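Hi,

I'm passing a structure on to you, with some notes on what turned up in it. Could you have a look at it first and then read on?

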Amino acid sequence: MPFRSLSEIIGATSSFALVAGMAVVAAMPAQAASGTTYTVDRVSLCRNAQTPAGGTTFEEALAKANSNPGKDTIEFAPGLGAVDVSTCYRSGMRFVFAGDATQSVDIVGNGVQMEGRQEFRLWLETNPTDRSPRNYSQAQWIRHSTGFLQVGTYGADNSDVAVSISDMRFHNLPSLVRVEHNASLAMNGIVADEINDFNDTCDEPAVATDSTGANITLAAVWITNSHTPGSAKSEFSGGALVYGGSPGSGSRGNLVFDEVYLAGNEQGRAINWYGGSTTIVSSQLVDTGGMILEADNTQIVNSAFWATGLHRYAI
């Protein structure tokens, strides 16, 4: 049986994911940067009417880092507690994220938990993962939320933008990160559960790029129990949990999986990646769908795949 809860996965998965993954987290202290370190000490990811005066939200820290030349660090205060991502929701954007990193930055979570708090109701169900709210007039939105971060500026050359995100947990967000043209993302020591896209077309991947030259590295990353219902009446997205373009859309950069664990996710596939290179090392994809890897070079080492469950493409 596939694992369905985060506690089951942490308690029962093989030792390489737990021990090696947690070792990577332990080895990731706040990195020394050439720029400034901004400390986040508010539990509202973005400031709203309920946010106490003073202090610094993530949105404010990111704005400061974007305006400061050189690579900065954003660090969440140790012991901060759960941070409310829904405070960042705003409509009318191409893709809805809490912020846009337009310059290189290291984001150090210190174990912080991002809580999306998204909630809609359809008849007697709350957040049914096999239904897209846009298809039902009876759907009642209680609270929208946003993805965490967009890396780079849409439509621009982001060759000088490199973002790292480490030692963080995410729960009940519509998505995690989208990477724009020529930008680079590295995620290390990340646990994400119930990343369910109910916004707009309901098919935004957990980690995505639809832009040429973008690079994505995931190390000691777990993504579990996540869904993209899709906007079609079939109620199922043909996309991927980790998405890197489609045929004819240009070549991505490099995709690296190192000790990645994907389990109990429902979408078209686990991975789509076109162009560049793909490296998958010491990883497990369980009940998460198959892969399309049309990279110029692909290496898969010491990894295991079980493509079962509700997926449009299982191989």
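**What was found**

F148 counts as buried, with a relative accessibility of 0%. Here buried stands for under 20% relative accessible area, exposed for over 50%, and partly exposed for what lies in between (1.4 Å probe, protein chains only). Please keep in mind that this is a predicted model, in which local features need pLDDT of at least 70 and side-chain atom pairs count only at pLDDT 80 or more, while totals for chains, interfaces and linings use all residues. Residues are numbered from 1 along each chain as its sequence is written, and side-chain values use heavy atoms, with hydrogens and water left out.

**Aromatic rings**

The structure holds four aromatic pairs. Rings of Phe, Tyr and Trp (its six-membered ring) pair when their centres lie within 6.5 Å; planes under 30 degrees apart are called stacked, over 60 edge-to-face, and the rest tilted. One of the pairs brings F148 together with F170, edge-to-face, at 5.3 Å centre to centre and 65° between the planes. Helices (H or I, at least four residues) and strands (E, at least two) are DSSP runs, numbered from the N terminus. F170 is buried too, at 2% relative accessibility. Both rings belong to one aromatic cluster, which also takes in F58 and F76.

Which residues have the most contacts inside the largest nonpolar core? They are F76, I107, M114, F148 and I165, in a core of 57 residues. A second, separate core has five residues, among them V191, W222, A263 and V286. A nonpolar core is a set of buried Ala, Val, Leu, Ile, Met, Phe, Trp, Tyr and Cys residues joined through side-chain atoms within 4.5 Å.

Helix α3 spans residues 58-67, and F58, A61, L62, A65 and N66 are buried in it. Around the axis these residues cover an arc of only 135°, so they lie on the same side of α3; the arc is that of the directions from the helix axis to the C-beta atoms. Against what do the buried residues of α3 pack? Their partners are β1, β2, β4, β5 and β9.

**Salt bridges**

There are four salt bridges in the structure, each being a side-chain nitrogen of Lys or Arg within 4 Å of a carboxyl oxygen of Asp or Glu. One of them links R47 and E60 at 2.5 Å, N to O. R47 lies in the loop between β1 (37-40) and α3, and E60 in α3 itself, so this pair ties together parts that are 13 residues apart in sequence. R47 is partly exposed at 29% relative accessibility, and E60 is partly exposed at 24%.

Another salt bridge joins K71 to D106 at 3.4 Å, N to O. Because K71 is in the loop between α3 and β2 (72-76) and D106 in strand β5 (residues 105-115), the pair connects parts that are 35 residues apart in sequence. K71 is partly exposed at 32%, whereas D106 is buried at 3%.

R42 and D41 also form a salt bridge, at 4.0 Å, N to O. R42 is buried, with a relative accessible area of 18%, and D41 is partly exposed at 33%.

**The disulfide**

The structure has one disulfide, defined as a pair of cysteine sulfur atoms within 2.5 Å. C46 and C88 are the residues joined, with S to S 1.9 Å. The link is right-handed, with 100° about the S-S bond.

**I280**

Last, a look at I280, in strand β18 (residues 277-281). Is I280 buried or exposed? I280 is buried, at 0% relative accessibility. Leaving aside neighbours within four places in sequence, I280 is in contact (heavy atoms within 4.5 Å) with F257, I271, M291, L293, Q299, I300, V301, S303 and F305. I280 and V256 are 24 residues apart in sequence and 6.0 Å apart in space, C-alpha to C-alpha.

Best wishes
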